[in-house]
Amino acid sequence: MATYIVLLGPPGVGKGTQAEILAEQTGLAHVSTGELFRENIKNKTELGVLAESFIHKGELVPDNLTIAMVKERLSCPDCGEGAILDGFPRTPVQAEAANAMLADLGAQLNAVPYIIVPEEVIIRRLSGRWTCREHGHIFHTLFNPPVKEGICDHDGSELYQRDDDKLETVKHRIQVYIDRTSPLVEYYRTNGLLTEIRGDQEIEQVTQELLDAIKS
Ligand code: AP5
Ligand code: MG
């Protein structure tokens, strides 16, 4: 049966970084709603135009748009063995939709690692983050620098700083997480799916703890 993992946690805790590594190591697809929205914005699709104003302000994109996008993504062939869901679900409505979607696929959620780091670490991480234009690979000026400044190690494309990584927007995104997403922590704890992972460790150490959590 296919495997589905949700990486839960506030902005900047390392969901994207870890999902990228876990996908490579497990063969599961990496499904990042933030990255899917950014791709749509770059390609100026109808969804991209709708989503851009929310993302720019650090608000969540409405549930119906997000759910439809994920549903379509999970039906792609590369999700056949399952997926690492990075940034979805983010509201109780999305969590219910995720359950229904996976049930339709004859599957269910297997684990929800919840990554935690102190708020000052989040700010430091997001202020030094660089993202690749082509595929969303993630770097950090100090903690995970690319070999060649400004260029992605994996595909040679340009690195850029996300428009929603401005300090004021980051603070707002953290508040939106507290208000709208943090209720999912108790929801998944009650379901017995949640494992807490300390994200303020070396990237490799966090990966190891995530792999252990997924296997158990
Ligand atoms: P999204 O792109 O998902 O942003 P986010 O949740 O705010 O999370 P981030 O991507 O900022 O952080 P991350 O946890 O992935 O950290 P990363 O690995 O990059 O969403 C963006 C927007 O899209 C939302 O605000 C919303 O508008 C919309 N959206 C997305 N999903 C939605 C949904 N489901 N519903 C509605 N709207 C939605 O790491 C951060 C930095 O730290 C990097 O520089 C990295 O190199 C570094 N780093 C990582 N790990 C370590 C480590 N262990 N030690 C040192 N540095 C590290
Ligand atoms: Mg991310």
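Reader: Hi! What should I know about the numbering and the model?
Author: Residues are numbered from 1 along each chain as its sequence is written, and chains are lettered from A. The model is predicted, so local features need pLDDT of at least 70 and side-chain atom pairs count only at pLDDT 80 or more, while side-chain values use heavy atoms, with hydrogens and water left out.

Reader: Thanks! At what angle do α4 and α5 cross?
Author: Roughly 25°, and the axes of α4 (residues 63-74) and α5 (residues 92-104) come within 11 Å. Axes are lines fitted to C-alpha atoms, for helices over the stretch in contact, with angles from 0 to 180 degrees between N-to-C directions. Helices are DSSP runs (H or I, at least four residues), numbered from the N terminus. That makes α4 roughly parallel to α5 (angles under 35 degrees; 65 to 115 count as roughly perpendicular).

Reader: Which residues make the contact?
Author: Among them are Ile67, Val70 and Leu74 of α4, and Ala97, Met101 and Leu102 of α5. Contact means heavy atoms within 4.5 Å.

Reader: And how are α2 and α4 arranged?
Author: They are roughly perpendicular to each other. The axes of α2 (residues 33-42) and α4 come within 11 Å and cross at roughly 95°. Thr33, Leu36, Phe37 and Asn40 of α2 meet Thr66, Met69, Val70 and Arg73 of α4.

Reader: New topic: is Arg173 buried or exposed?
Author: Arg173 is buried, at a relative accessible area of 11%; buried means under 20%, exposed over 50%, with a 1.4 Å probe and protein chains only. Arg173 sits in helix α7 (residues 167-181).

Reader: What does Arg173 contact, leaving aside neighbours within four places in sequence?
Author: Its contacts include Pro11, Arg162, Asp164 and Asp165.

Note on methods: Helices (H or I, at least four residues) and strands (E, at least two) are DSSP runs, numbered from the N terminus. Angles under 35 degrees count as roughly parallel, over 145 as roughly antiparallel, 65 to 115 as roughly perpendicular and the rest as oblique.
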